[in-house]
Amino acid sequence: MTTAATNPPDARRAGRFVYATAVILLCAWVIVPLYFLLINTLSSPEAVNSFPKSFVPEFDLESLTFFANFAGMLNALKNSILVAGLTMVMSIAIGAPAGYALSRFDFPGKSTFRLLILLTRAFPLPLLALPLAVMFIRTGLDDTIFGLALVHTTLAVPFAVLITFSLFSGIPIELEEAAWTLGCTRLTAFTKVVLPLILPGITASAIFAFVISWNEVFAAAVLTIENRTLTAFLLQNLDTSPLHLKFAGGFILVVPALIFIFAVRKYLFAMWGIANR
Amino acid sequence: MSARYLPYVLILPVTLFLCLFFLYPFVLVAQQAFSTGNGFTLDNFRNVMSHWKFPISLKNTLYLAAAVVPFQLALALLMATMVSKMKRGRDLVLYIWTIPLGISDLAAGIIWLAIFEQSGFLNSMMSGLGLIDKPLNLLTYQNPGLVFLAIALAEIWRATAIMLVILVAGIGLIPKEYYEAAEVFGASPWKRFTRITLPLLRPSLSTALILRVILAFEVFAVVQALGGTLFPVLMGETYNYQFELLNGGAAAAIALIILGISIAFTLLILRALRVPKGATI
């Protein structure tokens, strides 16, 4: 306090300088590694394997072409998109009704239900892939897109419930009640009043389910053999694949994540923050 | 349909789904771990734990968590307090800081491989500065410390964002009046942080820590990308037993051990950061 009282402008300016520097350094900490990956992706395979590295990309698409032509890679990419898409649809279809129920009704068993949902967060869920591998072989779901999507839905659905719970809670029930008095049934009030308001939020949480599935490695590697997803395919070939293939693959993994986080940034805190308490 | 049954109809799909794909698999994994084909046995556990790699992978997993999680907690707290004071550019900074949230552990491992591999950017930088003549092979068994550092950095880079988001949302819920009152009484910024922010942030802190600690015990793809077989971890051993050794029972046994550790730590964190009854904001 005393130093600040004797020369306030200097101390404050120094403080602001330290603060701004720290913010910029922390931003660089996140961005610079991503930039390195970008350089490697946009350089020719020779440049990727040479030394020393240039710190500017040469904008050569040879590595990406190599990636696209690598046997099985495009198929893996397609599988990843399909699994993530299915996960997205299933987790919202199953999770959103429960989120609505939690936000609108008080019913016996509600706290037990919430506990079940929260409990899923305290377990390393990808491990479930091990017993499910056996179960899937018995039911014929092994090595299928749908089987893996079921496991990824288990990962994503607790989030879908908690996120939609907090989204629905943000819409006053009075709006629905007003619709009822104006002649809407419970269903039409929902589709005409609540749904349009909630749709952007639902989209955001659907995108999140997509990202969860897109990024998942362990269960994908355990449950698929012929129909590998991109993460499983890259993991399986880590020992043998050349560097430029790894970097191009990593880049393809990162791009959707960047776009999606940007698309859902407004909902990030409603989704991860408050819903998690 | 009457309003009395409606909530149950709405939660039925999730409940059924989680029973079939969450609770039931746990019964199965336990069954698998405690049997070798004929009745109850601890053979799988004995088998797994007597293997020379088990103590190393357990130690590696725990050390990695112990090195990474406290650092991430401090970093996330620092970033969250910095953001809460920010007036201009808050959205942009938050977007940049939360980018790793969407990046998979495999991709994070590959990104840090670009820095640490032999012809990578760290070597390029060091040779540019004249520190080394030719590129060093950094990630080898001769440099266990460096392998550990690379994996720890990749983990810190990737998974601090999830704690940050939860803490930023938590700080947003603390009423401003507390800080104003503290300022009136002349509390320093540090005092305000330790006496207001930290205690009122306990629910968020415990969620963030639980999520993060469980993720730390699940560490797998980052390690595979950066260390390969140089740095065995529990999850990697599970994968090896399942695929290389085709021993489902042993894989299930390690899975149960990981689960046990995760649950123990979850309970520990919940207990340590519990909020006394009636003391909510």
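1. Helix α7 (residues 144-172) of chain B packs against helix α10 (residues 202-217) of chain B at an angle of about 165 degrees, and their axes are 9 Å apart. Axes here are lines fitted to C-alpha atoms, for helices over the stretch in contact, and angles run from 0 to 180 degrees between N-to-C directions. That angle makes α7(B) roughly antiparallel to α10(B); angles over 145 degrees count as roughly antiparallel, under 35 as roughly parallel, 65 to 115 as roughly perpendicular and the rest as oblique. The helices are DSSP runs (H or I, at least four residues; strands are E, at least two), numbered from the N terminus.

2. This is a predicted model: local features need pLDDT of at least 70, side-chain atom pairs count only at pLDDT 80 or more, and totals for chains, interfaces and linings use all residues. Residues are numbered from 1 along each chain as its sequence is written, while chains are lettered from A and ligands numbered from 1 in the order in which they are written.

3. On the α7(B) side the meeting residues include Ile162(B), Met163(B) and Ile166(B), and on the α10(B) side they include Ala208(B), Leu211(B) and Arg212(B). Contact means that the C-beta atoms of two residues, placed from the backbone, lie within 7 Å. The residues of this contact divide into nine nonpolar, three polar and one charged. Ala, Val, Leu, Ile, Met, Phe, Trp, Tyr, Cys and Pro count as nonpolar, Asp, Glu, Lys and Arg as charged, and the others, Gly among them, as polar.

4. α10(B) also packs against helix α13 (residues 248-272) of chain B, where the axes come within 10 Å and cross at roughly 160 degrees. The two are therefore roughly antiparallel to each other. This crossing is right-handed. Among the residues that meet are Leu209(B), Ile210(B) and Val213(B) from α10(B), with Ile258(B), Ile261(B) and Phe265(B) from α13(B). The contact holds 10 nonpolar residues, three polar and no charged.

5. Chain B as a whole has 13 helices and zero strands. Its C-alpha atoms fill a box of roughly 75 × 70 × 35 Å along the principal axes. Of its 281 residues, 43% are buried (20 or more other C-beta atoms within 10 Å of the residue's own; 12 or fewer is exposed, and in between is partly exposed). Among contacts in chain B between residues at least 6 apart in sequence, 72% join residues at least 24 apart.

6. Asp43(B) and Asn44(B) both lie in helix α2 of chain B. Asp43(B) is partly exposed, because 15 other C-beta atoms lie within 10 Å. Asn44(B), with 23 C-beta neighbours inside 10 Å, counts as buried. Beyond four places away in sequence, the residues that Asn44(B) touches include Ala33(B), Thr36(B) and Gly249(B).

7. Between the chains, 75 residues of chain A are in contact with 76 residues of chain B. On the chain A side, the largest share, 12 residues, comes from helix α2 (residues 8-41) of chain A. That side divides into 58 nonpolar, 11 polar and six charged residues.

8. The largest nonpolar core has 161 residues, and those with the most contacts inside it include Ala129(A), Leu223(A), Leu164(B) and Ile254(B). Such a core is a set of buried Ala, Val, Leu, Ile, Met, Phe, Trp, Tyr and Cys residues joined through C-beta atoms within 7 Å. Ala129(A) touches residues including Val151(A), Phe218(A) and Leu223(A), not counting those up to four places away in sequence.

Terms used: Left-handed = near helix turned anticlockwise from the far one by under 90°.
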